[in-house]
Amino acid sequence: MYTNPTSYKLMSVASGREFQDSGWLLDDPLDEKPSLIRAVYEKKQIFSKEDSYGIYKFADWLPVSRFLHGSCAPVTYQSKALANYLDVERLYICFSGYFPEIGANMTTCSFKETEAYSVCGRITPDREGVLVVASAGNTARAFAKVCSENNIPLLLCVPEDNLDALWFDKPLNDCVKLICSQKGCDYFDAIHLSNIVVKSKKYYPEGGAKNIARRDGMATTMLSATTFIGEIPDYYFQAVGSGTGAIAAWEANLRLIDDGRFSNKKMKLLLSQNLPFIPMVNAWNLNSRNLLPFDDNEARKQVEEIDAKVLSNRKPPYGIIGGLFDAMTDTGGEFFAISNEEAQYAAKLFEKLEGIDIHPAAAVATASLIQAVKNNSIDKSKIIMLNITGGGEKLFKTSHPLHYFKPNYIFEMNPKEEEVIRIVEMM
């Protein structure tokens, strides 16, 4: 299904300069220092379409040239059981995953579908080349699904240790390929591998946090919650690996203020990481725009210890202009460090009270909400948004046959560039 492109311009956060999008810009070529760019939409007010449009119900604020088959928007509902347990008055859960009972039908069970459908919707049908995506698991599963079902050429770069995350309810189209960094490598190693691949003219980078379509796709969680509630939330809880989803929520917050119908407040970002891997927590607590130095091998060991593997980005968009440090500063944000045990307890509690299983990252976010209430860090009468970024996987797997995706090639740690390029150009 196709549509007329959404009308927007691009803006450098650093300079404020507005310019036209030539199709796949990831930054402003005139910026003197690294900065994110944003989409500035022609429509200043958001008018959502029917649910049948999936994520494209929010197309007014998505930089897409077409609508793709198979999407589902995040679903927001007001919690009763968990809210009563925590003794909070207005807790709204934005659920991205598989929970048919509430109308949530993301078959990858992750909010990464929101970014995949937006990014791939930005790709014009005549685009040449192969899209390259690096992932710790959930993002790869989402892009694989979207590209397979819509015949978009894709190359995934994933750590071999995370292959168990690449499950699907049906075999993938041959347009999707997979390469891995060997066992013992992490998400950063997969990113390094992808950076080598895009030196070949056959491939082009998805762009990660720099891609406006990725952030504005993830921002649909915020749009879902705010349009459902009728007001911008006061508090926003989410676990973060790169922090891209939280940046997206902040940017959506600013657009919703300009909309004029949902209040003019900036919601406080209450973000969390999984102990012992907490680079952004450590930097934020020292009011540092830059991440603190750490040993790569030590970081890999810490990543092995955490349950929420998707929260393992060693080079997140934290200090870049328009990145997470700026978002946290602008909203008076706060970071939480959550242990595996706290997250496991939160996951069991959520499933018992809300009736659905959730991913480890979503459990980390839930644990941070529990901690914030316990520590009296929030006003329990205010509007709370809990972003459940993945759930229903256990339910989905019990009711669907599974197919696991096998890699086309596995590379050693720190492979030679010429070898990588030679192999991927033959794919």
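**Figure 1. Lining of the second largest pocket.** The lining residues divide into eight nonpolar, four polar and nine charged. Here Ala, Val, Leu, Ile, Met, Phe, Trp, Tyr, Cys and Pro count as nonpolar, Asp, Glu, Lys and Arg as charged, and the others, including Gly, as polar. This is a predicted model: local features need pLDDT of at least 70, side-chain atom pairs count only at pLDDT 80 or more, and totals for chains, interfaces and linings use all residues. Residues are numbered from 1 along each chain as its sequence is written, and side-chain values use heavy atoms, with hydrogens and water left out. The second largest pocket has a volume of about 450 Å³. Of its 21 lining residues, the closest to the centre are Asn-138, Ala-165, His-359, Pro-360 and Glu-393. Helices α3 (138-150), α12 (360-374) and α13 (393-399) each supply at least two lining residues. The largest share, three residues, comes from α13. Helices (H or I, at least four residues) and strands (E, at least two) are DSSP runs, numbered from the N terminus. On a 1 Å grid over the protein atoms alone, a pocket is an open set of points with protein on both sides within 12 Å along at least five of seven lines; a cavity is a set where a 1.4 Å probe fits but cannot get out; lining residues have an atom within 4 Å of a point. Grid points are joined across faces, edges and corners, and a volume is the space filled by probe spheres set on the points.

**Figure 2. The largest cavity.** A search of the whole structure finds one cavity of 30 Å³ or more. About 50 Å³ of space lies in the largest cavity. Its lining consists of Ser-181, Asp-189, His-192, Leu-193, Phe-411, Glu-412, Met-413, Asn-414 and Pro-415. Helix α4 (residues 187-197) gives the largest share, three residues. By class, the lining of the largest cavity has four nonpolar, three polar and two charged residues.

**Figure 3. The largest nonpolar core and Phe-335.** A nonpolar core is a set of buried Ala, Val, Leu, Ile, Met, Phe, Trp, Tyr and Cys residues joined through side-chain atoms within 4.5 Å. Buried means under 20% relative accessible area, exposed over 50%, and partly exposed in between (1.4 Å probe, protein chains only). The largest core has 49 residues; Met-222, Tyr-236, Leu-256, Leu-269, Leu-271, Leu-324 and Phe-335 touch the most other members. Helix α7 (residues 244-259) gives the most to this core, with seven residues. Leaving out residues up to four places away in sequence, Phe-335 touches Val-240, Leu-271, Ser-272, Gln-273, Met-280, Val-281, Trp-284, Leu-324 and Met-328. Contact means heavy atoms within 4.5 Å. A second, separate core of 40 residues includes Phe-99, Ala-346, Ala-347 and Ala-362.

Figure 4. Lys-268 lies in strand β14 (residues 268-274). Lys-268 is partly exposed, with a relative accessible area of 23%. Its contacts, not counting residues up to four places away in sequence, are Asp-234, Tyr-235, Tyr-236, Thr-331, Gly-332, Gly-333 and Glu-334. Lys-268 and Glu-334 are 66 residues apart in sequence, yet 7.8 Å apart in space, C-alpha to C-alpha. Pro-276 lies in the loop between β14 and α8 (279-285). The peptide bond from Leu-275 to Pro-276 is cis, with omega near 10°.

Figure 5. Two strands pair if DSSP finds at least two bridges between them. Strands β1 (residues 8-12) and β3 run antiparallel, joined by five bridges. Leu-10 stands opposite Ala-39 in β3. In β3 (residues 37-41), four of the five residues are buried. Strand β4 (residues 75-78) pairs with β5 in the antiparallel sense over four bridges. Thr-76 has Cys-94 as its bridge partner in β5. With strand β16 (residues 383-388), β5 pairs in the parallel sense over six bridges. The partner of Phe-95 in β16 is Ile-388. Five of the six residues of β5 are buried.

Figure 6. Asp-87 lies in the loop between α1 (81-86) and β5 (90-95). Its phi is near 60°, a positive value in a residue other than glycine. Asp-87 is exposed, with a relative accessible area of 51%. Cys-109 lies in the loop between β7 (104-105) and α2 (112-122). Phi of Cys-109 is near 65°, again positive in a residue other than glycine. Cys-109 is buried, with a relative accessible area of 0%.
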